[in-house]
Amino acid sequence: MLISDCQFGDSVGRYKNVLYLCHRNADPDAIGSSFALSRAFGGSIGAVEDLSRTGERLARVIGADVLVNPCHEDYDLAVLVDTSVPLQLGGAVPERYALVDHHIDRGLLEGAVFYIQRPATSTAQIVWSILKENGKRPGREEALGLLAGMISDTGRFKRATPEAFSAAAGILQAGGFSYEEALSALSVPPDISQRMAVLKAASRAGIERHGDWLIATAEVGSFEGSAAAALVDLGADAAFVAGRHGEMSRISARCSRSAAEFLNLAELLSAVAEEHGGQGGGHMAAAALEAQGQPSALLLACLRGAEERLP
């Protein structure tokens with residue numbers, strides 16, 4: 001059931017023991033949003049499998065106690081935060097759950113007891129609205145977590161909208177800290193494995209020209225998302241980077257703003273994943289999939305799909 005922001009407090013208040021559950025490799029947007037909701041309405045914070053390096057850093061800075069792989073049965077309700085498809089939960093969807101999310105996928109809406117989902121630059125932006133509509137004023141740490149989540153998901157506001165800037169201004173005023181402090185909460189030393197993955201993707205990348213568009217594909221062992229983003233920064237209009245993980249293959253995709261006018265990566269990767277017995281989704285300009293099959297075959301399907309959609 002779709003609810004409005006102002007109905008969130010009454011809806012979640014019907015349950016005594018609530019878990020705010022982040023997707024696997026939980027990022028700052030998921031951590032900051034879950035922390036603010038748990039502080040405002042009560043409940044615990046959990047994450048599937050692990051936290052990202054920046055998510056872990058933010059959790060330490062704001063004092064968020066995040067349970068890794070909590071038992072769903074111990075809670076009356078799990079509120080899935082910044083999560084839109086079962087893939088992000090490792091396929092283990094709680095029996096009773098609600099949803100607060102900013103993606104465009106609808107894969108978890110049907111089973112939710114209630115949900116708030118709409119396109120936005122971050123889930124933190126939506127959570128800020130939920131707090132305001134329910135008369136909740138975040139403390140310093142909660143506000144810091146929300147702004148850090150917005151900074152992370154907007155690429156330091158490179159992909160921000162007027163609504164995002166307005167929310168950020170309100171969060172800064174409520175928290176009483178500087179923008180520089182929020183940036184510091186996301187600061188982690190460079191990871192050599194991540195740097196190696198990015199460099200390997202650049203050295204191995206195949207480049208296909210489609211009219212005036214450049215599409216890059218590559219295979220790496222990890223950090224597919226970082227590698228795909230780096231290839232776009234280097235000049236690709238769209239990039240698909242694959243990696244093998246056990247019996248499944250993962251692909252992360254990124255594209256430029258100009259390509260995103262024609263290419264919906266969430267729709268494309270969802271379609272490719274479905275054809276190969278998997279799941280996919282995300283945003284128009286950033287998405288991922290996990291499916292059966294060889295990485296090379298999945299990359300080829302993504303490449304052909306991008307070529308069909310780009311003019």
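## A buried phenylalanine and its partner

Let's start with Phe157: in this predicted model, phenylalanine 157 has a relative accessible area of 13%, so the residue counts as buried, the cut-off being under 20%.

How is a pair of aromatic rings described? By two values, the distance of the centres and the angle of the planes. Five aromatic pairs are counted in this model. One of them joins phenylalanine 157 and tyrosine 179, with 6.2 Å from centre to centre and 50° between the planes, which makes the pair tilted. Phenylalanine 157 sits in the loop between helix 5 (140-153) and helix 6 (162-175), while tyrosine 179 belongs to helix 7 (residues 179-184), so their contact ties together parts that are 22 residues apart in sequence.

## Phe8, Phe41 and Phe114

Now to another part of the chain. Ring pairs link Phe8, Phe41 and Phe114 into a cluster. Among the five aromatic pairs is that of phenylalanine 8 and phenylalanine 114: their ring centres are 6.0 Å apart and their planes stand at 75°, so this pair is edge-to-face. Phenylalanine 8 is in helix 1 (residues 8-12) and phenylalanine 114 in the loop between strand 5 (97-101) and strand 6 (115-117), so the pair ties together parts that are 106 residues apart in sequence.

## Strand 8 and its neighbours

On one pairing, strand 7 (residues 206-210) runs antiparallel to strand 8, with five bridges between them. Within that pairing, isoleucine 207 has alanine 216 of strand 8 as its bridge partner. The hairpin of strands 7 and 8 has two residues between the strands, and glycine 211 adopts a positive phi near 65° there.

Strand 8 also pairs with strand 9 (residues 238-245), this time in the parallel sense and over five bridges. Here glutamate 219 stands opposite alanine 242 of strand 9. To get from strand 8 to strand 9, the chain passes through helix 9 (residues 224-233), and this β-α-β crossover is right-handed.

Note on methods. Residues numbered from 1 in each chain as written. Predicted model: local features only at pLDDT ≥ 70, side-chain atom pairs only at ≥ 80, totals over all residues. Heavy atoms only, no water. Pairing = 2+ DSSP bridges. Helix = DSSP H or I, 4+ residues; strand = E, 2+ residues; numbered from the N terminus. Right-handed = clockwise from strand over helix to strand, strands pointing away. Phe/Tyr/Trp six-rings, centres within 6.5 Å; stacked < 30°, edge-to-face > 60°. Buried < 20%, exposed > 50% of the residue type's maximum accessible area, 1.4 Å probe, protein only.
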